[in-house]
Amino acid sequence: MPREASAGGVVIRESAGTWEVAVIRPHGRPLWALPKGHVDPGESPEQTASREVHEETGLTVTLIAPLGEIRYVYQFRGQRIFKRVHFFLFRYQAGALGPLPGPRVEVDEVRWVPVTQLVPLLGYKGEKAVASRAVRWLRSQGLLPEAAPAPVRIPETEGG
């Protein structure tokens, strides 16, 4: 089975006291995703992730931490392909989301979203897991409040 490697990033910034994450809407798709792309020959996954973030969002970023990888098999032209996507947490340094020079064939839209909306917003299961890791990292650093505990439901008793 052929293998492919890609890399991408979760880009965070603080804006007006709220942490936000850059997301993309891939061309022709009705869902939101994280910026990512193929590892070029001679590139490390970290270099690829930084390059792809810049190409797909227009942002310049600084590496904070690795977020692990997702693995899956997909089908292309009747052939099954094994894919690994390495993800990294980045901090926004410069740039603005919006139109990039040249044709933008891979991405239809980019935007900042509050980190609290990230996991439910993303359209791919594996990316939701990566986003959850990023949120946990932010909480572990004291940058986000702890998640509110789920309400405890006390079952009703019959005849009582």
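This is a predicted model: local features need pLDDT of at least 70, side-chain atom pairs count only at pLDDT 80 or more; totals for chains, interfaces and linings use all residues.

Reader: Is S6 buried or exposed?

Author: S6 is found in strand 1. Its contacts beyond four places in sequence include G37, H38 and V39, as well as K83, R84, V85 and H86. The relative accessibility of S6 is 2%, and the cut-off for buried is under 20%. S6 therefore counts as buried.

Reader: What kind of aromatic pair do F88 and F90 form?

Author: A search of the whole structure finds 3 aromatic pairs. For F88 and F90, the distance is 6.4 Å centre to centre, with 55 degrees between the planes. Stacked needs under 30 degrees and edge-to-face needs over 60, so with 55 degrees the pair of F88 and F90 is tilted.

Reader: Are F88 and F90 buried or exposed?

Author: F88 has a relative accessible area of 7%, and for F90 the value is 2%. Buried means under 20%. F88 is therefore buried, and F90 is also buried.

Reader: Why is the pair of Y92 and W112 edge-to-face?

Author: The ring centres of Y92 and W112 lie 5.7 Å apart. Edge-to-face needs planes over 60 degrees apart. The planes of Y92 and W112 are at 90 degrees, so the pair is edge-to-face.

Reader: How many residues apart are Y92 and W112?

Author: Y92 is in strand 5 (residues 79-94), while W112 is in strand 6. At 24% relative accessibility Y92 counts as partly exposed, whereas W112 is buried, with a relative accessible area of 17%. The pair links distant parts of the chain, and the separation is 20 residues.

Reader: Which residue of strand 6 does A22 stand opposite?

Author: Strand 2 and strand 6 run antiparallel, and 7 bridges join them. Strand 2 is mostly covered, with 7 of its 9 residues buried. In strand 6, the residue opposite A22 is W112.

Reader: Which residue in the turn between strand 1 and strand 2 has a positive phi?

Author: Strand 1 and strand 2 run antiparallel and are joined by 4 bridges. Among the facing pairs, E14 has W19 as its bridge partner, and I12 stands opposite V21. The two strands form a hairpin with 2 residues between them, and the turn residue with a positive phi of about 55 degrees is A16.

Reader: Now for the charged side chains: how far apart in sequence are the parts tied together by D108 and R25?

Author: The side chains of D108 and R25 meet in a salt bridge, at 3.6 Å from N to O. D108 lies in strand 6 (residues 107-114) and R25 in strand 2 (residues 18-26), so the pair ties together parts whose separation in sequence is 83 residues.

Reader: Are D108 and R25 buried or partly exposed?

Author: D108 has 33% relative accessibility, and R25 has 23%. Partly exposed runs between the buried cut-off, under 20%, and the exposed one, over 50%. D108 therefore counts as partly exposed, and R25 likewise counts as partly exposed.

Reader: Which residue meets E127 in a salt bridge?

Author: E127 counts as buried, at 2% relative accessibility. The salt bridge of E127 has an N to O distance of 2.5 Å, and the partner is K36. E127 lies in helix 3 (residues 125-140) and its partner in strand 3 (residues 36-38), so the pair ties together parts 91 residues apart in sequence, and the partner's name is K36.

Reader: How many salt bridges does the count come to?

Author: Another of these salt bridges is R111 with E109, at 2.7 Å from N to O. Salt bridges that share partners also join D40, E43, R51, E52 and E55 into one network. The count of salt bridges comes to 12.

Methods
Residues are numbered from 1 along each chain as its sequence is written. Side-chain values use heavy atoms; hydrogens and water are left out. A salt bridge is a side-chain nitrogen of Lys or Arg within 4 Å of a carboxyl oxygen of Asp or Glu. Buried means under 20% relative accessible area, exposed over 50%, partly exposed in between (1.4 Å probe, protein chains only). Rings of Phe, Tyr and Trp (its six-membered ring) pair if their centres lie within 6.5 Å; planes under 30 degrees apart count as stacked, over 60 as edge-to-face and the rest as tilted. Two strands pair if DSSP finds at least two bridges between them. Contact means heavy atoms within 4.5 Å.
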